[in-house]
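Work through the exercises below with the sequence and the model open. Each task is followed by a solution in steps.

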Amino acid sequence: MDAVFKALSDPTRRDLLDELFREDGQSLGALGARFEMSRFGIAKHLKLLEEAGLVVTRRRGRQKLHFLNPVPIRLIHDRWVSKYAEPWAAALSDLKSRLESPMEKIFEIYIKTTPERLWEAITNSEIRSKYQFGMNISSDWTPGSRFEMSPNGGDLLGEGENKEVDPPRKLVQTMRALWGEDVKAEGWSTITWEIEPVGDSCHLTVTHSDLREGANDQLYGGWPMILSGLKTWLETGEKLTTPGSLMYT
């Protein structure tokens, strides 16, 4: 968390995050054009943001694109804001709570666990319900198989297909949300889980892609809370109790 607080302490770096919030997936050149600063200066700020996990980069051909990763901010919220000041938490952040109109969103987190335990937490229905809003997930986890998400004894809230199943490294799924007419209208999107062992921990990347421009943020806005809950469960055995984290229990 020290690296995150240090990264957020500089107003230019906060402005860069706001800029990526406004339009995700920008190149260094595109970001530099919006600031009265050299490309070298912008690159130094982006490097610090990337080291803090607040920015994720991906290559698209010859371009290096930068994406906002809100998960570390969510972890700070769960550790500090919700604990001491939950009623007025929304007023504290310069970053808005809604993430707008990307074609894909990328979320990264480090969890002190093994790839096998992390894979189990992603695919085991009982464990999944402890950090994904209380929803169970059912599937036989084979390529081409169907999966369904629902609370205990409740209506079906999500469905999809497991396109690629490579335990304990990678899971690619198509998904359709069913919890409301507004999200049903968004149709299908793709969720990719990638697990990379790093020492005694795992680097987990979740990429939510194939979203239409201006897609309803209910489809992807919950990922920071889900991943924060996943980390909390695997490292402490406890559930998050922040508002909405167990809404279907």
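**Exercise 1.** Which residue forms a salt bridge with R34, and how many Å apart are the closest N and O atoms?

*Before starting.* The model is predicted, so local features need pLDDT of at least 70 and side-chain atom pairs count only at pLDDT 80 or more, while totals for chains, interfaces and linings use all residues. Residues are numbered from 1 along each chain as its sequence is written, and side-chain values use heavy atoms, with hydrogens and water left out.

*Solution.* 
Step 1. Apply the criterion: a salt bridge is a side-chain nitrogen of Lys or Arg within 4 Å of a carboxyl oxygen of Asp or Glu.
Step 2. The partner of R34 is E23, with the closest N and O atoms 3.5 Å apart.
Step 3. Locate both ends, taking helices (H or I, at least four residues) and strands (E, at least two) as DSSP runs numbered from the N terminus. R34 sits in the loop between α3 (28-32) and α4 (39-51), and E23 in the loop between α2 (11-22) and β1 (26-27), so the pair ties together parts eleven residues apart in sequence.
Step 4. Classify accessibility: buried means under 20% relative accessible area, exposed over 50%, and partly exposed in between (1.4 Å probe, protein chains only). R34 is partly exposed at 43%, and E23 is partly exposed at 36%.

**Exercise 2.** Are E235 and K231 buried or partly exposed?

*Solution.* 
Step 1. E235 and K231 form a salt bridge, their closest N and O atoms lying 3.0 Å apart.
Step 2. Both belong to helix α9 (residues 223-236), and being four residues apart they are separated by about one helical turn.
Step 3. E235 has 35% relative accessibility and is partly exposed. K231, with 19%, is buried.
Step 4. Elsewhere, salt bridges with shared partners join E19, R22, E23 and R34 into one network. The structure holds 18 salt bridges.
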